[in-house]
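Please look through the structure below, and then follow the paragraphs that come after it one element at a time.

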Amino acid sequence: MTDQLKKILLGEQGLVVIFIVAFALVSLLVPNFLTDRNMLGLLQSVVTVGIVACTMMFCLAARDFDLSVGSIVAFAGMVAVMASNYTGSILLGLLAAIACGGFVGFINGVVIAKFRINALITTLATMQIVRGLALIASDGRAVGINSPDFYQLALSKLLGIPTPVWVLAVLFCVFGFILNRTVFGKNTLAIGGNPEASRLAGVNVDRTRIWIFALQGVVCGIAGILLASRITSGQPNAAVGLELSVISACVLGGVSLAGGRATMSGVIVGVLIMGIAENAMNLLNIPAFYQYIVRGVILLLAVLLDNLRSSALGRR
Amino acid sequence: MSFLDFSRITKAYPGVKALSGVSFGVDKGAVHGLMGENGAGKSTLIKILSGDQHADDGEIRIDGKVQAYSSTRDAFDNGVIVIHQELQLVPELTVAENLSLGRFPARAGIIAGRQMLEDVGAKLKSAGIDIDISRKVKTLSIGERQMVEIAKAIMLDARVIALDEPTSSLSSRESEILFALIDRLRGEGKVIIYVSHRLDEVFRLCDSLTVLRDGKLAAHHTSLKGVTRDQVVAEMVGREISDIWGFRPRKAGDIRLKAEGLSGAKLKTPASFEARAGEIVGFFGLIGAGRSELMRLVFGADPRFGGSVTVDGKLVHAADPHDTIRAGIVLCSEDRKHDGIIQGRSIEENINISSRRHHTSFGVLNRASEIATAETFIKKLKVRTPSRKQDIINLSGGNQQKVILGRWLSEQGVRVLIIDEPTRGIDVGAKAEIYELLYQLAEDGMAIVVVSSELPEVMGICDRILVMCGGRVSAEFSRDQFAEKAILAAALPDTKTPDAIAS
């Protein structure tokens, strides 16, 4: 019996099993959890983390790291609001935000891949630079949205489900496909497994890494737009600490910080576990201060589980 | 009953039965050889002995007492010490500090330096080990470090000492010192387990011998009197191998690869050579002679300072593996672990990593054709694995080498295959398979460049041998000129005698 349990928990799908059990428990024990309204609220609350986690997964899988995501999200949101206010065209605003996000990511990638600067240091630097740009552009104040159509991005619904949740779902599918079914995805995992061997096997390691960071920037741009629309303004101080939540969600989802191991389903589960924990705690009126502790404990447990699983599989 | 007894040791890993019911005993004051092909279960047995892994079934008894270790520390405390190929010393500490690590003589947390030096010095003197114990370990040669490892075992009053391929990186003089030390330990009544691939060492040193094959006991000799080398090889492989090389003559065609005046950061003197279609060219030399460095320049793995590479008369413009592969040059590196396998990924992905661009449309993979490619090469190269999905890290060295070969053979249009140390760490059976494969590829018109430190190997399989010494090509021999002495002499810098590297 215990052997069987061990096998299930430590197997490939262990995390999914735990997630289902946790979900069932929370549904039973927490009042008002399993209602349509709460479910939609839950999904909406994980949109930002979930979107950014898609590309953070690639970053970590290639043995890289990106701390600048929170700043890029805030900066891109700022750009979207200011550019659409200035030009009067929402579309131009959105394109500008995505282009700016992609540009910052591209710079990250070039510095890391071509100049061989440690990813942690590089993105620590751009994290501050970009946050600074957002503050300068707005003079440190929130910038309101002129066109009410901009709100509609976050408010509109399709088949009763808010647009941002649809965007999240589409990105999950797209990046899951990219990871498993494209040369780019497989090369990413190979680089994380062994960068030098990948280079000698003909993988263009530098270009792949630049692409990963540029994509990360683009995706942060999308997240920034949706966030600005939800909070109805461009806030230079938005998404502070986002990078840690995103990395936590990825690690929870079984992405190895040592690189070479990542699954989209794992990351989705990781994002949802974080969301459910927070949601349940809110429903139970647990004070915010305690929530930090719970989040930390969940993360530690997840990493411990991952460690057990690795040794059970005889790796490392 | 013997002093050290292995009884029905069984251990399974996912998909592989590493050991099944292995039993044998070793007496006190004996050096016991442990031989077998890669993947035969030697390392697993040693790991179980050292407490690093647990047997699924069976037990180890020392002096009649069952040993149940939960960790290597436990094994330590019970006087069982394993000295691994990768030495476990702290380079920044002195010899004396390394030997006292974990047991520093101290008062109130302050190390009693003089007492430590005295203790260690006295212990080593009585064991006959002559090393300056105040030197930092990082300043010692590999041979000296090995001595320190053994000294560690002596310091701990070990009863059982297992040595895993101890001479693999020692010079012949250093090996002699090691053998003398082992003799002395034997005299003191220790049990020594000696794991080695080298038959001459085993025959010279060991009193008794166990041969493992496919996780089972293939033979146990309580004495080596009357046992022949051929017999032991047959026991390891499970069949007689008469001519491991199986060389067969081929006709060389036109010049395929032409490397002219290549130089780089690690190869100062420009070097040139060529290889013809259907030809197997061997590069022989000492470690550090510049062979691997030259090959890395040809492949574009390291930046070139000067020179050019042409394939079939066409200049290979860029110098990056990404481009040279497309020009038809591939390289199997000598350091498989660092430069070859992608750890944590499946055999399938390791095979397809380079060639997958051939079966994609707009960057999207064709899964069916990837799977088919992987299955084809697993079968063709006889990779021993339960599934293509197996993590490559779980394969033995020989099987990993085959997967890397599969990676390159699945590439289209390979014209030049450079293979650095093709059979390092690979057992006899797999060796013959790899040689046969090279012959077939050459017959199909590929130019093959083999870099090897094993003279018998290059002499056995190559049509032509180039010798490198001190960063330049020092001599060339065609097959009818092959002579061991002359090739060896060309590989040696003037200051060394052939004896120094004969090991």
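In chain A, helix α6 (residues 90-113) packs against helix α7 (residues 119-138) at an angle of about 150°, and their axes are 10 Å apart. Here helices (H or I, at least four residues) and strands (E, at least two) are DSSP runs numbered from the N terminus, while axes are lines fitted to C-alpha atoms, for helices over the stretch in contact, with angles running from 0 to 180 degrees between N-to-C directions. The angle makes α6(A) roughly antiparallel to α7(A), a term used for angles over 145 degrees, whereas those under 35 count as roughly parallel, 65 to 115 as roughly perpendicular and the rest as oblique.

This is a predicted model, in which local features need pLDDT of at least 70 and side-chain atom pairs count only at pLDDT 80 or more, while totals for chains, interfaces and linings use all residues. Residues are numbered from 1 along each chain as its sequence is written, and chains are lettered from A and ligands numbered from 1 in the order in which they are written.

Which residues of the two helices meet? Among those in α6(A) are A:Val104 and A:Ile107, and among those in α7(A) are A:Thr122 and A:Val130, where contact requires that the C-beta atoms, placed from the backbone, lie within 7 Å. By class, this contact of α6(A) with α7(A) has six nonpolar, four polar and no charged residues; Ala, Val, Leu, Ile, Met, Phe, Trp, Tyr, Cys and Pro count as nonpolar, Asp, Glu, Lys and Arg as charged, and the others, Gly among them, as polar.

Elsewhere in chain B, strands β13 (residues 255-264) and β16 (residues 304-311) run antiparallel and are joined by six bridges, with B:Gly264 opposite B:Arg304 in β16(B).

Terms used:
Two strands pair if DSSP finds at least two bridges between them.
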